[in-house]
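Have the sequence and the 3D view open as you read.

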Amino acid sequence: MKLLENKTAIVTGASRGIGEAIALKFAEHGANVAFTYRSSDELAKAMEERLNSMGVKAKAYKSDAGDFAAAEALANDVLKEFGTIDICVNNAGISKDNLLLRVTPEQWDEVMNANLKSVYNLTKHVIRPMMKAKSGSIINMSSVVGVAGNAGQSSYAASKAGIIGFTKSIAQELGSRNIRCNAIAPGFIETDMTDYLKDGGAEQWFSQIPMQRFGKPEEVADVALFLASDMSGYVTGQVINTCGGMNT
Ligand code: NAP
């Protein structure tokens, strides 16, 4: 059974990693997919072709998630091209990990813009068409460290904790309009972002993970599919830990 037929989704940061898996999963379930990236032109082109070959409409947009005007232009372009925006996945994100003593103001701002301001930027511009349609699902990519904190990740953790506060607020603001807003808090997921953790062996991290392994992007995409679809019709304002039991 396809869960997202006749829906249009925007997924930010889908040239690689978790966003890529979400875009593919949504297309598999019949959604038309507009997706963004920041600099990986070739990966994005290949991804656009792959999605279109799955029988849905798909388009890549080079759009910096941290830029307010770019988010407005993106939402307008997608509406013009696709007609609706039913699902918005704010997935794009970066990390610049360092001990607080060494975090520069520039690094702090870079992380906040890409991870947190980005969520404000696009959500603000997709809720108008969703309100008109009296329906919508917004999914924000937080992290286990946004829930629990982590030494050496103060900027990243703060941005991801901010996403949780934003998510709960928007759920309360727009629940009466049938617009749902939820967050996913992944643990260690196998992507470029966590590649460096494997130096010296991934096993060293397993003592923190009850399931004793890293997660796969597809396992986060399954949760996003649930939150995007009518299967979660009465779920809003929630943070779904997807972390092999790290946060219990
Ligand atoms: P990734 O493999 O590094 O991929 C990041 C994606 O985001 C790429 O498509 C990248 O585009 C895009 N991107 C980055 N900054 C952007 C910007 N300013 N504007 C537009 N696109 C931008 O990362 P990932 O591991 O899949 O992570 C995806 C999300 O999950 C992030 O929000 C991350 O914080 C969160 N998360 C990841 C993990 C994990 O273990 N991997 C755990 C918890 C949460 P380009 O290819 O063009 O650079």
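How much space lies in the second largest pocket? About 150 Å³. This is a predicted model, in which local features need pLDDT of at least 70, side-chain atom pairs count only at pLDDT 80 or more, and totals for chains, interfaces and linings use all residues. Residues are numbered from 1 along each chain as its sequence is written, and side-chain values use heavy atoms, with hydrogens and water left out.

**Second largest pocket**
- A pocket is an open set of points on a 1 Å grid over the protein atoms alone, with protein on both sides within 12 Å along at least five of seven lines; lining residues have an atom within 4 Å of a point.
- A volume is the space filled by probe spheres set on the points, which are joined across faces, edges and corners.
- The lining consists of Tyr-120, Thr-123, Lys-124, Ile-127, Arg-128, Met-131, Phe-166, Ile-170 and Glu-173.
- Helix H4 (105-133) and helix H6 (154-174) are the elements that give two or more residues to this lining.
- H4 gives the most, with 6 residues.
- Helices are DSSP runs (H or I, at least four residues), numbered from the N terminus.
- By class, the pocket lining has 5 nonpolar, 1 polar and 3 charged residues.
- Nonpolar covers Ala, Val, Leu, Ile, Met, Phe, Trp, Tyr, Cys and Pro; charged covers Asp, Glu, Lys and Arg; the others, Gly among them, are polar.

**H3 against H4**
- Helix H3 (residues 68-82) packs on H4 at about 35°, with the axes 9 Å apart.
- Axes are lines fitted to C-alpha atoms, for helices over the stretch in contact, and angles run from 0 to 180 degrees between N-to-C directions.
- H3 residues in contact (heavy atoms within 4.5 Å) include Phe-68, Ala-71 and Leu-79; their H4 partners include Tyr-120, Leu-122 and Pro-129.
- This contact divides into 8 nonpolar, 2 polar and 3 charged residues.

**Largest cavity**
- The whole structure has 1 cavity of 30 Å³ or more; in a cavity, a 1.4 Å probe fits but cannot get out.
- The largest cavity holds about 90 Å³ of space.
- Of its 14 lining residues, Thr-12, Ala-65, Ala-71, Ser-118 and Leu-122 are the closest to its centre.
- H3 and H4 are the elements that give two or more residues to the cavity lining.

**H1 against H7**
- The axes of helix H1 (residues 17-28) and helix H7 (residues 217-228) come within 8 Å and cross at roughly 50°.
- The two helices are therefore oblique to each other.
- The contact residues of H1 and H7 divide into 10 nonpolar, 1 polar and 3 charged.

Notes: Angles under 35 degrees count as roughly parallel, over 145 as roughly antiparallel, 65 to 115 as roughly perpendicular and the rest as oblique.
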